[in-house]
Amino acid sequence: MGGTADSGDILLHMQGVTKHFGPTRALHRVQLEVRRGEVHALIGENGAGKSTLMKVLSGAVHADSGTIHLDGDTYRPTSPHAGQRAGVAMIYQELNLAPHLSVEDNIMLGQELRRFGLLDRGAQRVKVYEALATLGHPELSPSTLVRDLSVGAQQLVEIARALVMNARLIVFDEPTSSLTQQDAQRLFRVIRKLRDSGIGIVYISHFLEEIREICQRYTVLRDGEVAGTGELAGASEKQIVALMVGRSVDELFPTVPHKPGDVILSLESISGPESPRDVSLELRRGEILGIAGLVGAGRTELLRTVFGLDAVKFGAITVAGVRPRPHPHGRIRAGLGLVSEDRKTEGLAQKRSIADNMTYSRLGPYSRFGWLNLAKRRAAVDQWMQKVQIKAPGPDAPVSSLSGGNQQKVALARVLHQEAEVLLLDEPTRGIDVGTKSEIYRLMGELAAQGKAIIFVSSYLPELLAVCDRIGVMGRGRLREVRPTSDWTEEQVMACAVRSDTE
Amino acid sequence: MSTDNRRSSKNEPSEAVTHNQRLEALWNLLGPVIALVCVVAFFAIADMIFADGTFASWRNMRTVIVQTCVVAIAALGMTVIIIAKGIDLSAGTALALCATTLAWGLREDAAYRAVHWTNFANASVSLQEAQEARAVASEKQRLVYLDALVELRRERLLAVARGKLTQLAAAAESAQGPARRKASADVRAMEQRIEKLKDPEFQLKVDPNWLRGVPNSPWTAPVAVLIGVGTGLLAGFFNGLLKSSLRIVPFIVTLGTASIYLGLGNLLSGNVPIRPGLDQVPDWISGIVSNRADALYLGFPLGVWLLIVLSVVLALVLRFTVFGRHVFAIGSNEATARLCGINVTATRIAVYTLGGLFVGVAGLCYFGRLSTGNPTAGVGMELGIIAAVTIGGGSLSGGRGTVIGTLTGALTVAVIDSGCNQLGLPDPIQLIVVGAAIVAAAAIDRWRQGGDEE
């Protein structure tokens, strides 16, 4: 740990930070130390508590107990605004900019310089130029509207904003997830500059290579607790992954033997309005096909197009030899089922019961002339809850009362309940605990063994490599390459995903 | 209780959670009812202290219930719309439009007119017009066509009158007691009219007396009701169609159609409320929300029974049909509904059409109250209707609302109105109290919801 460091070097010191949300324990006695002029990696799976910890740091959430020291002073922000004034800036994955305002206005938003109650544009301009120069990007024009900038440049605007605020500590939350390779490299140069100027940086990312490239030390969170911390130089990738998941890889990815059969789904060069573009592929019964790619590569759009939520502009979809009708209802009848990547806003009607959510797509078996037999439905839902092991008070409990993992099981159970033959799973393991993940992998294997076909979209390469029979990589809406899993390595998948198209 | 639960597993829900959920469901249902009981109790006590103590009487309670009928029926439809995360600002003017078309149907003797292309009043007026034209026309014009026209119209009116006479005679035959006396008087009056019309030189003067006691065709009342209720159905369908095809938020769509329906009503009525003759409005319609002893069946007028039946049916539909489930699905998360293959467009159009149907029935009751179709009377009524739903726990953010809640919401508003009246509080105070009740109900709801989320 940081025991060898001179304590005067320590910029941020969080100790014993604990936070509960109702009965859920989000953080338990978390310790985090960031030195001046270091980039500190915060690693952990989704739901491990990283974002809660950072919310505590920013002031958006108050810890139940624990202490935070910033530069030796007690730091207890009452709001994100107070945190910013104390010198803690956050750069989130989703940028926090007003698209219709200029670069300058965005940088100075909330910290405008005034003279006689009026905006002091001249003084502001000086500050903005200063900040952009510090970042090494004086070429950005302060009067450009933010919406006209690339995502990478928008991020620079956010960082400049932090500089003008005199930030001492900057938190980067998955900053590269929507950047091109060049933009990411540019960002790394900026981060190194900031580091060298003595600012402390917390860097959150899933990409271990990236972390290795830019960070010096790491802290791993698992289930709201610190699983380990240390120098990156002395830690292997395997060790860090083991710390993240808390169990060996074999335990995490149970395998169920299954064999591919006949082709059930075939896509012939289908294109949507923007994405996907010209995607062809064949999926067999008993096969799990993984789709890898960066955020925005068009993976979700591919699933949505296949499922009829987005329009097919060109190309043809065939399910078991039949062309399904062009809306979700038709696709469901043809045997397709989609689990959305976004449980909250799309996948589930949070306020409705488990029973409702599970049966919305197929109420037929319980209805006569439009009237429902609720007792019959309840019995069926009870069975399904046992089959996929949903832990809940009962079928009538609202979905919002369940944990993320159990919610995901409800979404999966819906697709199974509608007797889908082809399952389109979009990030089905995102934001759920390790135990449930493992259950979902097993379920996928079992389904394949029963002859169902699965398309499995994920941003987490280890699970794709462990679970899938074949993996396709998407980029810019195109399906770039499909190979059997044994022919891929993690590096090759990444290289294929980030490759810039030369067309 | 939640602490020992945490030890077993992070995800395992405790019995306490189940219990809380049941309590919450019960509270959701009973909350508005308790509020209503409190309001009633408050006014009853205040009334005993400050006024004559008749507020809590059965008679007054019945009056309150009868008064709330129109709003309550429309609010049932609004409940479905609000559950589906919609809103219908056109409910007020649509309701008045329904009452207006219904009044028009009765006044115009719609069923008779549909078959004969005229009715007694129209045939009379056109004869009079022809006669007046002949009186001031030149000799030549008379000879060329006006004599013939008058003759033609006289013949036609005679035919209508003979038809009505047959109908009157049959009615007189089967009537009993005082009704029989009135019927035979009507028969005699009609016979006299026919006698007069037989004289080619008879100059017709259409006045209320000439039109009095002329019955509508027996089919007119059902046809007119069909027109009125059908108007509501169409108005709702149109709202749903616009919302779905143009993809505009329902607030704006119905704000627009509210004005359209008001305009249509004014167009039909010619800016004067339509008031059918006394003999043209059947007793069951004029007594539909009346406290007259002869209009009551088992203690309540027809309108209240209609409200009860519709409430029960709607509650069952919401809970026990596929349609009901889909309405809740769309209201709580439209994206999920799409994902599950629910035909969102069709369901939404059905929701607005159903809302329109209820507006139509409410329009029928509203017409019955005054026997007048006044298109402008509905302006602002939608607010009372929406207030009833929200006081009853319906949420404008969709997915929440109950029939019981809406009924108690409507009753609460009516009780406050009546209670303030009883205490002799002036109108402005009433408005303020009702407004405060709406805000309070929403605030309590918000507070409870906020408590759930954290």
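1. A definition to start with: two strands pair if DSSP finds at least two bridges between them. Helices (H or I, at least four residues) and strands (E, at least two) are themselves DSSP runs, numbered from the N terminus. In β22(A), the residue bridged to Gly293(A) is Met474(A).

2. Some housekeeping. This is a predicted model, where local features need pLDDT of at least 70 and side-chain atom pairs count only at pLDDT 80 or more, while totals for chains, interfaces and linings use all residues. Residues are numbered from 1 along each chain as its sequence is written, and chains are lettered from A and ligands numbered from 1 in the order in which they are written.

3. On confidence, the model scores ipTM 0.81 and pTM 0.81. For chain B the mean pLDDT (the predictor's confidence in each residue, from 0 to 100) is 88, with 93% of residues at 70 or more. Please treat residues 1–16 of chain B separately: their pLDDT is below 50, although the stretch has 21 contacts in the model beyond near neighbours in sequence.

4. Chain B has 19 helices and two strands. Its C-alpha atoms fill a box of roughly 105 × 55 × 40 Å along the principal axes. Of its 454 residues, 44% are buried; a residue is buried if 20 or more other C-beta atoms lie within 10 Å of its own, exposed if 12 or fewer, and partly exposed in between, with C-beta atoms placed from the backbone.

5. Now the sheet in chain A. Six strands form an open sheet with mixed pairing, in the order β17-β20-β21-β15-β22-β23. Its edge strands, pairing on one side only, are β17 (336–339) and β23 (478–484) of chain A. The twist averages 20° from one strand to the next. β17(A) runs parallel to strand β20 (residues 422–426) of chain A, joined by four bridges, and Gly337(A) stands opposite Leu423(A) there.

6. How covered is β15(A)? Six of its six residues are buried. Ile288(A), Gly290(A) and Ala292(A) point one way, and Leu289(A), Ile291(A) and Gly293(A) the other. β15(A) pairs in the parallel sense with strand β21 (residues 453–457) of chain A over four bridges, where Ile288(A) has Ile454(A) as its partner. Five bridges join β15(A) to β22(A), also parallel.

7. Ile454(A) returns in the largest nonpolar core, of 163 residues, as one of those touching the most other members, together with Phe456(A), Ile73(B), Ala74(B) and Leu95(B). Such a core is a set of buried Ala, Val, Leu, Ile, Met, Phe, Trp, Tyr and Cys residues joined through C-beta atoms within 7 Å. Helix α3 (residues 58–83) of chain B gives the most to this core, with 15 residues.

8. Finally, a residue worth a look: is Lys243(B) buried or exposed? Lys243(B) counts as buried because 24 other C-beta atoms lie within 10 Å. Lys243(B) sits in helix α10 (residues 220–246) of chain B. Beyond four places in sequence, its contacts (C-beta atoms, placed from the backbone, within 7 Å) include Pro250(B), Arg348(B) and Tyr352(B). Arg348(B) is 105 residues away along the chain, with 8.6 Å between the C-alpha atoms.

Technical notes: Two residues are in contact if their C-beta atoms, placed from the backbone, lie within 7 Å. Axes are lines fitted to C-alpha atoms, for helices over the stretch in contact, and angles run from 0 to 180 degrees between N-to-C directions.
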